[in-house]
Amino acid sequence: MSSTLSRFFADVGFQLTLAVQVAARVGSSWRRRSLIADQLFQSGIKVVHVVLLVGLFIGMIVALQTGLELSRFGQQDQIGTIVALSMCREMGPFITATILAATVGSALAAELGTMAVSEELAALEVMSIDRISFLVLPRVLAAAIVCPMLTVLCDAIGIVGGGLIAQSQLNVGMSLYYDSVLESLNDRGLPFELPKDVYTGLFKSFVFGGVLSVISCAAGVQATSGAMGVGNATRKAVRDSIIAIIVTNYFLSWMFFNT
Amino acid sequence: MSASVQTKRDVIIRYEDVHKAFGPKVVLAGFNLEVYRGEAFAIMGPSGTGKSVALRHVIGLLKPDRGVVSVDGRNMATIAREELRELRSRMGYVFQEAALLNWLTAGENVALPLRETTHMPDSEIREKVNAKLALVQVPDVYNKMPNELSGGMRKRVGLARALVTDPEIILYDEPTAGLDPEISSSINHLMRDLAQQLHVTSLIVTHHIGCVRTTADRVGLLDGGKLNFVSSPQEFIGSAEPRLVRFLGDKLD
């Protein structure tokens, strides 16, 4: 028990240290722009279709499950509000971050883990190349940028999916559905006069992207013992990322909506 | 070379009573060695005896639990970060599996230390990289990815990367491991030629006697955490010492 706890604190300590080291190097991002662009492609474009597909069905599920209950009370007209708030506040950011943890996070851990066990990280150190600036910073920045962008897509497609169910299963017309969506997202504020439910969701996504990529990179660079070590690092990256996303989600939701 | 070097006694790498353990496994236990400037010293020993561990202390990848490893008079365990960078820029390290970054071309791998640690213009870097690739006899691989290269070619590219900063010391970690005898022999001759042309100090970790014969001025056997039987390759191979005879047994066949 005590060894599990000490391992947990050692892991968290390493992840926090890595996060601080990355933050301290953000100023040198311009120098790494081509690496960041490459990572944006790897983290973003390659998972767009997954986010769109999952987002569509999540919106449909929310609409179906909630709409059937609302229709018992004759309140199915409110389905647009529920889908929009669910997608923008929670489902969009959380589902997108979970998809990224499973796809991009696992790939980051496997890639850096393979580099660790094949001595490529040692080679960088021997050449006095800053591994955090060269390897970790581009991956973390790319994930933190891409996660909100994908969340916008996930939110939008989820709302569309909810609309399809509203019309086909709940007999709620499209115009009524979209009116209630827009009305529910009317609490506008900073930044850019975005609805609060949208910008808080995007902020959460930004944090989730950073958290999952730091955790995944930390698992990768600590990998040892060949292929088995890389497998363990990958598993640990996905597991820890999803736990961290859920815990962080609670605290961010509490921070934004506990008023 | 060895006679003139030894009379000067200009020690560039020194291990003094170095101890290193990983958990309960003791790897180095009173390891002592002096490597003279300009010589090629080979550390031999069975697999898992800590040869690579000894080598990694020289470039500061590992710190001893006890004892001192110094390079050019500077303690590698206590050296300041900036000084370590400067010292590392004077050393090249050839990894067992070459350790090339697989998303960069061979040329970009060789260029990496110059791009990342100097302000050299691109044209000059390109020129220097091409020169080093030619020096290690793979002039046409600049645009090839590491996975398109054979094991021997990857080793050569790894060697070119180690040479690109014009180091004074080259550390070789099993430079011929996993290669067939013909390619091993060509790598050995390349190492010897480079040492003669560039007047570098070489510290070589190997379990191939052919590598020692071709490249080393002196050799020692790492066994039980200590370096024993330090001598010339001829004396080493011809020794009647039972432990050496047992270790060298099938290697001499």
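This short talk goes through a predicted model with chains A and B, moving from chain A to the interface and then to chain B.

Residues are numbered from 1 along each chain as its sequence is written, and chains are lettered from A and ligands numbered from 1 in the order in which they are written. Since the model is predicted, local features need pLDDT of at least 70 and side-chain atom pairs count only at pLDDT 80 or more, while totals for chains, interfaces and linings use all residues, and side-chain values use heavy atoms, with hydrogens and water left out.

Let me start with chain A. Chain A holds nine helices and two strands, where helices (H or I, at least four residues) and strands (E, at least two) are DSSP runs numbered from the N terminus. Along the sequence their order is α-α-α-α-α-α-α-β-β-α-α, and the C-alpha atoms occupy a box of roughly 70 × 40 × 35 Å along the principal axes. Of the 259 residues in chain A, 48% are buried, a term that stands for under 20% relative accessible area, with exposed meaning over 50% and partly exposed in between (1.4 Å probe, protein chains only). If we take the contacts in chain A with a separation of 6 or more, 81% of them are between residues 24 or more positions apart, a contact being heavy atoms within 4.5 Å.

One lysine in this chain deserves a look. Beyond its neighbours within four places in sequence, K204(A) touches R89(A), E90(A), P93(A), N249(A), L252(A) and S253(A).

Now the interface. Here 19 residues of chain A contact 21 residues of chain B, and the buried area between the two chains is about 1,700 Å², with 61% given by carbon and sulfur atoms; buried area is the accessible area (1.4 Å probe) that two parts lose on being put together, summed over both. The rule finds four residue pairs in polar contact across this interface, both residues at pLDDT 80 or more. On the side of chain A that touches chain B, the elements giving two or more residues are α4 (79-117), α5 (120-126) and α6 (131-169), and α5(A) provides the largest share, six residues. That side divides into ten nonpolar, two polar and seven charged residues.

Which charged pairs cross between the chains? The interface has four salt bridges by the rule, a salt bridge being a side-chain nitrogen of Lys or Arg within 4 Å of a carboxyl oxygen of Asp or Glu. Among them, R31(A) meets E116(B) at 3.6 Å, N to O, and R32(A) meets E116(B) at 2.8 Å, N to O. The latter pair runs from R32(A), in the loop between α1 (2-24) and α2 (33-43) of chain A, to E116(B), in helix α4 (residues 106-117) of chain B, and both R32(A) and E116(B) are buried.

Helix α3 of chain B, residues 81-88, has L84(B), L87(B) and R88(B) as its buried residues. They lie on the same side of α3(B), because they cover an arc of only 95° around the axis, the arc being that of the directions from the helix axis to the C-beta atoms. These buried residues pack against α5 of chain A together with β4 (66-71), β5 (74-75) and β6 (91-94) of chain B.

Two further sites in chain B close the talk. K51(B), in helix α2 (residues 51-58) of chain B, is buried at a relative accessible area of 5%, and a polar atom of its side chain lies 3.1 Å from the backbone oxygen of P46(B). Finally, R37(B) and D72(B) meet in a salt bridge at 3.0 Å, N to O, linking distant parts of the chain, 35 residues apart.

Definitions and conventions
A polar contact is a pair of N or O atoms within 3.5 Å; within protein, one must be able to donate a hydrogen and the other to accept it, and residues adjacent in sequence count only if both atoms are side-chain atoms. Ala, Val, Leu, Ile, Met, Phe, Trp, Tyr, Cys and Pro count as nonpolar, Asp, Glu, Lys and Arg as charged, and the others, Gly among them, as polar.
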